[in-house]
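Try each task before you read its solution.

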Amino acid sequence: MNRDTGVAIFLLLFCGVFFAATFDIRETSYGTPGAGVWPRIILFALTLLGAGYLAQSLKRGRAAGDEAGRGLKGWLATYRNALCCYFLFAVFLLTMPYFGMFLGGVLFVFCTLTALGRRDGRTLLVHGAIALGAVGIMWGVFTYGLNVILPQGELFYGW
Amino acid sequence: MLIDNIAGAAEAVFHLKTVGLMFLGVTAGLIAGAIPGFTIAMAVALTLPFTFAMQAVEGLSTMIGVLVGGLSGGLMAGMLTGIPGTPSSIATTFDGFPMARRGQPGLALGIGVWSSFFGGLIGAVVLMTLAPQLARVGLELGPWDFFALVIFALTVTASLAGPDMVKGLIAGALGLLAATIGEDEVNGVARFTFGSDELKQGFAFLPVLVGLFAFSQLLSDVQDTEAARQPLMPKGAKAVKIEHRQAIAEVLKRWAVLVRSSLIGVFTGILPGTGGSVANILAYDQAKKTSKYPEKFGTGIADGIVAPESSNNATEGGALITMMALGIPGDVTTAIMLGALLIHDVIPSPSFIGDEPVLAYSIFIAFFFAHFIMILMQAFCLRAFVMVTRVPRYVLAAVILAYCAIGVFALSNVDFDLWTLFLFGVAGLVLRSFGFPLAPMILGVVLGNIAELNLSRALTITDTWETALAAFLTRPWSLFFFILAVFSAVFPWFQAARAKKRWTRAYVPLLTLSVSVPLFMMGGWVRPAIGTGLLALGAVLLWRRARHGWPTQDTD
């Protein structure tokens, strides 16, 4: 099984789940087409395309240099940095109610810079300055320039 | 009336604050365009959150500034390093880089900048002339026709995915599906919420767009740790003095190439889904084919810079025509502009220019004026651009990810929007890594509601499903767009097998013959006359090719 076959099978399962969910859409009698009609049309087309994609991938066979052959380790090596950024971003979102946008943003940028860049003493200082400066300026522009209220964070309530 | 509208629009655009914002926008666009891997669409998407607190004219003028700056910024990286800053300046490097390496970087940059300027002005003039006319045609379109137009836009965009068109179509369908999540606009019924209250509102446009395009692009840029730690441009890149006078003379000497390429750009832009990345290659190819010295292309000649640079700036004029006249985005950047209009409660449609004349003319004027600002800023800030591009890629990625979060939250102060950004950021990277193009998905998200509303209207107006479906094939504009959709769906196979397989010899004649049918159905005399011309052309081509036995490369 090559990578495209796996993706096509996943797509068909995805269509199946969504198609089943269309039956949970409430029927109306307003004289207009029901709310489930358009999604079903899209899912029908998507299923047909998914089946075509599956047939195409099976016909093609296992392509040279297919990433599926590299296993989980190879995949993790390729996407290590991206996964790291996603993880840090998810942590940033989860901790935002506590740290707020400013401090959370500074910590996120600093951690991301440190995860992706070098980690010697001088570079860490530079990363700290970049994080503070970049997020501080943007936070200032939105808070004072555009009057947007950004999350303050529980840590700073009462300040 | 027209004068009043233009005067009102000019007053709004030339207000000190708007001009200042446009200067900022153009500068930001020039810098973003100069950074390889940082697309114009990404720059325009990241500008969108800053425009919430602005008036519609201010916000759109700023975004147009970014757009025009980005189109012209791409040439700097291409000429100084050989790496195009944006896909719309790929062809510029073919001759720009050799000319710069030959010791004339100032002249190469000058020709590029002034070609962009003149191309943009031609695009702006065509925009001002053609948009109101096309809007009049747009008023003829009913819900059947708009639905067919959306399908055509999606197939054209998907066909640009090349031989993997199935992936392009799947991406488009996924975009349409994403737009159905939440309450539907027709009946107000919740769909695909899976028990989540947050999903009832559906996904906001900006987080989806920024997640799919910017977030995933940034993370794909930092996959290789060593490359991510390198500066965006090699240290050898130096600021040079642009030779304006000589460059203007060189560009104007090639006025035929300039005008032809600009028109190619405008008409490529009018086609929904196609943009500067197609136009610059097409214009370069045409300039080479019609040149008296085609063998010199690629060695660093001025014609090879004038053609792509004038066409890519003119493309946006064309894309804005479609957006303003029909409410259908011409490319990803105008899809974002459409989002900006919706945020300001302005809904582009064929009646947009009539209903919102000041705003419409403001867009015309801002597009025109932004090119003058671009010339000024490019001349003065080249050194600063080179400095910015010495920043390592990972620094830029980390900072912009934080900006994405702040900007997306500012849209409506909803935490869920940040999770939407995250979710679509993951989806974007996964789709990219599996080879799915993202442009059809974005157009799918933007056009999903338009398609559903028009389909619903079409089915409601007609009594039965049978009559509704028949109307899709008997109404001339609907038939016209469906025919174009079918031919654009076949286009990738045609392109791959062109002149190698016999059936490809029938593609163009069949297209012209098929398109002539709805033109005859439209009535009047102009369109049937065009239909007659196309019919005759198709018949002649068919007859000639049949007489020669459908020749292919092998038989030639």
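Domain bounds come from an automatic or database domain assignment. The model is predicted: local features need pLDDT of at least 70, side-chain atom pairs count only at pLDDT 80 or more, and totals for chains, interfaces and linings use all residues. Residues are numbered from 1 along each chain as its sequence is written, while chains are lettered from A and ligands numbered from 1 in the order in which they are written.

**Exercise 1.** Find the domains of chain B and describe how they touch.

Step 1. Domain 1 of chain B covers 2-222 + 240-453, and domain 2 covers 475-547.
Step 2. Their C-alpha centres lie 30 Å apart.
Step 3. Domain 1 of chain B brings 15 residues to the contact and domain 2 of chain B brings 12 (contact: C-beta atoms, placed from the backbone, within 7 Å).

**Exercise 2.** Which helix of chain B gives the most to the domain 1 side?

Step 1. Helices are DSSP runs (H or I, at least four residues), numbered from the N terminus.
Step 2. Helix α7 (residues 143-159) of chain B gives the most to the side of domain 1 that touches domain 2, with nine residues.

**Exercise 3.** How do α7(B) and α20(B) run relative to each other?

Step 1. Axes are lines fitted to C-alpha atoms, for helices over the stretch in contact, and angles run from 0 to 180 degrees between N-to-C directions.
Step 2. The axes of α7(B) and α20(B) (residues 439-461) come within 8 Å and cross at roughly 160°.
Step 3. Therefore α7(B) is roughly antiparallel to α20(B) (angles over 145 degrees count as roughly antiparallel).
Step 4. The contact includes B:Trp144 and B:Phe147 of α7(B), and B:Leu443 and B:Ile450 of α20(B).

Terms used: Contact = placed C-beta atoms within 7 Å. Helix = DSSP H or I, 4+ residues; strand = E, 2+ residues; numbered from the N terminus. Parallel < 35°, antiparallel > 145°, perpendicular 65-115°, else oblique.
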